[in-house]
Amino acid sequence: MSGLASAIPADLLAVALLAYGTYFRRYHRRDLLLAYVALNTGVLAVTAMLAGSGAGIGLGLGLFGILSIIRLRSDSITQEEVAYYFIALAMGLVSGLHPGPFWLAPALCFLLVGVMYVVDHPRLTSRSHRQKVVLDQAYPDVRDVRPALERLLQADIRYFVVLDLDLVTDTTVVDVRYRTRAQYRPAVDAAHRFERFAS
């Protein structure tokens, strides 16, 4: 069996597992589900067509570099979703170039899917969060911010930075990373669970 003949069906199965089996079931965004499949299959088709022209690795690196600098336009795309873009892109390149023995490209594709499934699993970091919090009081002294955040979130504050201090409206805007305590889910986390910052 030729490398490309085994790489194409393996890539299509792998991107289905990545886009629907992993991403969509966790984030439920139909538009990005379509984007991941389209990106993967498009890169696969172009790379497979041009791979025989002698471009080889240079082609793969060039495509990866060009596509990596394209601004991903979305109203609220997170760094997790950007990571899925690059994995879908990498699988398309690997399958289109199908280097080495026929089993190598399929193995790499399923390895990438497996890595994303494990690393992005909700149970792995379910208690760790990053959010933008607006405190209804101005805190000129940064040392007063941590106790205020701990009272509000009922969580262990790992890191925070004051983004804005407004003495007129009496507010403080904070980018905070925290770990929720066992058996507790703060109201702020529930209200803003889909407004996470790009980590």
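Q: Which strands does helix H5 lie across, and at what angle to E2 does it run?
A: Helix H5 (residues 145-153) lies across E1, E2 and E3, and runs at about 115° to E2. Contact here means heavy atoms within 4.5 Å. Axes are lines fitted to C-alpha atoms, for helices over the stretch in contact, and angles run from 0 to 180 degrees between N-to-C directions. Helices (H or I, at least four residues) and strands (E, at least two) are DSSP runs, numbered from the N terminus.

Q: Before we go on, what should I know about the model and its numbering?
A: It is a predicted model: local features need pLDDT of at least 70, side-chain atom pairs count only at pLDDT 80 or more, and totals for chains, interfaces and linings use all residues. Residues are numbered from 1 along each chain as its sequence is written, and side-chain values use heavy atoms, with hydrogens and water left out.

Q: Thanks! How many helices and strands are there in the protein chain?
A: The protein chain has 6 helices and 3 strands. Starting at the N terminus, the elements run α-α-α-α-β-α-β-β-α.

Q: In what order do the strands sit in the sheet?
A: The order is E1-E3-E2 in an open sheet of 3 strands, with antiparallel pairing. Strand E1 (128-135) and strand E2 (155-166) are at the edges with a single partner strand each, so one side of each has no neighbour in the sheet. From one strand to the next, the twist averages 20°.

Q: What counts as pairing, and how many bridges join E2 to E3?
A: Two strands pair if DSSP finds at least two bridges between them. E2 and strand E3 (residues 171-180) run antiparallel and are joined by 10 bridges. One example is Ala155, whose bridge partner in E3 is Thr180.

Q: New topic: how many salt bridges are there?
A: The count comes to 6 salt bridges, where a salt bridge is a side-chain nitrogen of Lys or Arg within 4 Å of a carboxyl oxygen of Asp or Glu. Among them, Asp175 pairs with Arg130, with the closest N and O atoms 2.7 Å apart. Asp175 is in strand E3 and Arg130 in strand E1, so this pair ties together parts that are 45 residues apart in sequence.

Q: Is Asp175 buried or exposed?
A: Asp175 counts as buried because its relative accessibility is 3%. Arg130 also counts as buried, at 16%. Buried means under 20% relative accessible area, exposed over 50%, and partly exposed in between (1.4 Å probe, protein chains only).

Q: And which residue does Arg29 meet in a salt bridge?
A: The side chain of Arg29 meets that of Glu81 (3.6 Å, N to O). Arg29 lies in the loop between helix H1 (3-27) and helix H2 (30-68), and Glu81 in helix H3 (residues 79-97), so the pair ties together parts 52 residues apart in sequence. Arg29 is buried, at 17%, and Glu81 counts as buried at 3%. Arg29, Asp31 and Glu81 are linked in a network of salt bridges.

Q: How about Asp141 and Arg143, where do the side chains meet?
A: They meet in a salt bridge (2.9 Å, N to O). Asp141 counts as partly exposed, at 27%, while Arg143 is exposed, at 67%.

Q: Last one: what share of the residues count as buried?
A: Of the 199 residues of the protein chain, 35% count as buried.
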